[in-house]
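These are my notebook entries on one protein structure. I set down what I looked up, in the order in which I looked.

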Amino acid sequence: MTALLRKLLLENFWWKLFSLALAILIWLIVTFASHREAKPIQRTFSHLPVSVLSATDDVHHFQVSPAEVEVTVQGDPRTLQNLQNKHIRPLVDLSGVGVARELRQRIEVSVPVGVMPLRIEPTEVQVVFPPDR
């Protein structure tokens with residue numbers, strides 16, 4: 001039994017030691033490269049106009065106050081570097097709203113793939129329905 005263990009360990013010892021050192025080196029390179037690459041950054045976009053989403057047969061004219069919001073997003077640096085205001089769409093969904101004069105509605109944000117919205121300021125808007133003429 002000891003002869004077998006001695007043969008397994010000591011035969012081609014330097015090649016085995018070299019292979020182990022190479023495996024450790026590859027593991028370290030992959031680990032450090034993945035940690036450096038995975039650092040997302042944040043970017044804030046101001047004065048984004050709020051869009052209103054309503055049913056197609058709805059002919060109301062809505063007033064949204066405030067009409068602009070500020071959105072902070074997070075993503076990898078390359079994606080956020082190319083991101084523009086037109087790629088971020090804050091919207092208010094009024095498709096399920098019946099008859100109302102005014103209400104507060106939460107803002108939803110549509111962003112491209114790979115970008116995550118972190119903060120919307122303000123989070124809600126006041127929606128006013130003008131009286132019918």
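I began with Trp15, which counts as exposed because its relative accessibility is 62%; exposed means over 50% relative accessible area, buried under 20%, and partly exposed in between, with a 1.4 Å probe and protein chains only. Phe18, at 48% relative accessibility, counts as partly exposed. An α-helix has 3.6 residues a turn, so residues three or four places apart point the same way.

Before going further I recorded the basis of these notes. The model is predicted: local features need pLDDT of at least 70 and side-chain atom pairs count only at pLDDT 80 or more, while totals for chains, interfaces and linings use all residues. Residues are numbered from 1 along each chain as its sequence is written, and side-chain values use heavy atoms, with hydrogens and water left out.

Entry 2, the search for aromatic pairs. How many aromatic pairs does a search of the whole structure find? It finds two; rings of Phe, Tyr and Trp (its six-membered ring) pair if their centres lie within 6.5 Å, and planes under 30 degrees apart count as stacked, over 60 as edge-to-face and the rest as tilted. The ring centres of Phe13 and Trp14 lie 5.2 Å apart with planes at 75 degrees, so this pair is edge-to-face. Trp15 and Phe18 also form an edge-to-face pair, at 6.4 Å centre to centre and 80 degrees between the planes.

Leu9 is found in α1 and is exposed, with a relative accessible area of 55%. Just after α1, Asn12 takes a positive phi of about 55 degrees.

I found an open sheet of three strands in the order β3-β9-β6, with antiparallel pairing; two strands pair if DSSP finds at least two bridges between them. β3 (63-65) and β6 (102-106) stand at the edges with a single partner strand each, so one side of each is left without a neighbour in the sheet. Five bridges join β6 to β9 (residues 124-128). Arg104 stands opposite Gln126 in β9.

Technical notes:
Helix = DSSP H or I, 4+ residues; strand = E, 2+ residues; numbered from the N terminus.
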